[in-house]
Amino acid sequence: MQLSWLGHACVLLTGSKKILIDPFIEGGSVIWTSPDIVAVTHGHEDHIGETVVLAKKTVAVTEIAKYLTSKGLAAEGMNIGGTIIVDGVSFTMTPAIHSTGISNGESGSIGGAAAGFVITFDGVKVYHAGDTALFSDMKLIGDLYHPDVALLPIGGRYTMGPSEAMIAANFIGARKVIPIHYNTWKKIEVDPLPFKQAIERTTDIKVSVLQPGETIVIDRDE
Ligand code: NI
Ligand code: MN
């Protein structure tokens, strides 16, 4: 599987299917990608992004799925703790401690709960934490789903920052961690290198600090 960080929380997984998570790029467009399935962690503008314009089959919490269905999209609704298989790809919705609301929906649109995903296909398990604070049940996500890769927000202010994300990485136990949701704007400016160095000094976890648009290969048995 190839994993591309497109910036902010937007990640493209390419293998037997193309899965696009949280299709938002600051100042840019993700329309050039043609995913099979879009997964949306929550309703905030910097996550739901261009989901409606992309008009692809979408996996989201039931309230967002209803909103997307009203816009004519094929949306698969689910909720935290559940797992669904869509076109051979497994989506498990995980908790996130965060607020939500459909930012670009009609005023008063409700966004359900904020969430994360464990997405499994081609034998690789990817955990995208969404926007979240640190919570100790991340240990359960590690114990239950054994993700190969964890995408963790480190930007602070709206999510956990680097020191909390270090503990999250230990709770989850994925062999690779990729920091996301930082340096998009001044309010979430963070240097990811001390985070990388601190984790790699004290654990066997590898931290891949990517540039927006950069792609890495995640092997099944890396
Ligand atoms: Ni958010
Ligand atoms: Mn966000």
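In what order do the strands of the open sheet of 7 strands run? The views below start there, in a predicted model.

**View 1. The open sheet, strand by strand.** Reading across, the order is E6-E5-E4-E3-E2-E1-E14, and the pairing is mixed. Strand E6 (75–78) and strand E14 (215–217) sit at the edges, each pairing on one side only. From one strand to the next, the twist averages 20 degrees.

**View 2. Strands E4 and E5, with a helix lying across.** Here strand E4 (residues 37–39) pairs with strand E5 (residues 57–61) in the parallel sense, over 3 bridges. Look for alanine 39: its bridge partner in E5 is valine 59. Helix H3 (residues 62–70) lies across E5 and E6 and runs at about 145 degrees to E5.

**View 3. Strand E11, wrapped up.** Is strand E11 buried or exposed? Strand E11 (residues 149–153) has 5 of its 5 residues buried, so the rest of the structure largely encloses it. In a regular strand, side chains alternate between the two faces of the sheet. In E11 both faces are covered: Val149, Leu151 and Pro153 are buried on one side, and Ala150 and Leu152 are buried on the other.

**View 4. The neighbours of E11.** Strand E10 (residues 124–128) runs parallel to E11, and 3 bridges join the two. Tyrosine 127 is the one to spot here, standing opposite alanine 150 in E11. Strand E12 (residues 176–180) also runs parallel to E11, this time joined by 5 bridges. Proline 153 has isoleucine 180 as its bridge partner in E12.

**View 5. Crossovers into and out of E11.** Going in, E10, helix H4 (residues 138–145) and E11 form a right-handed β-α-β unit. Going out, E11, helix H5 (residues 162–172) and E12 form a right-handed β-α-β unit as well.

**View 6. Leucine 152 and the largest nonpolar core.** This core has 68 residues, and those touching the most other members are Leu3, Leu13, Phe91, Ile119, Tyr127 and Leu152. Strand E9 (residues 115–121) supplies the largest share, 5 residues.

Definitions and conventions
Residues are numbered from 1 along each chain as its sequence is written. Chains are lettered from A and ligands numbered from 1 in the order in which they are written. This is a predicted model: local features need pLDDT of at least 70, side-chain atom pairs count only at pLDDT 80 or more; totals for chains, interfaces and linings use all residues. Side-chain values use heavy atoms; hydrogens and water are left out. Two strands pair if DSSP finds at least two bridges between them. Helices (H or I, at least four residues) and strands (E, at least two) are DSSP runs, numbered from the N terminus. Axes are lines fitted to C-alpha atoms, for helices over the stretch in contact, and angles run from 0 to 180 degrees between N-to-C directions. Contact means heavy atoms within 4.5 Å. A nonpolar core is a set of buried Ala, Val, Leu, Ile, Met, Phe, Trp, Tyr and Cys residues joined through side-chain atoms within 4.5 Å. Buried means under 20% relative accessible area, exposed over 50%, partly exposed in between (1.4 Å probe, protein chains only). A crossover is right-handed if, with the strands pointing away from the viewer, the path from the first strand over the helix to the second runs clockwise.
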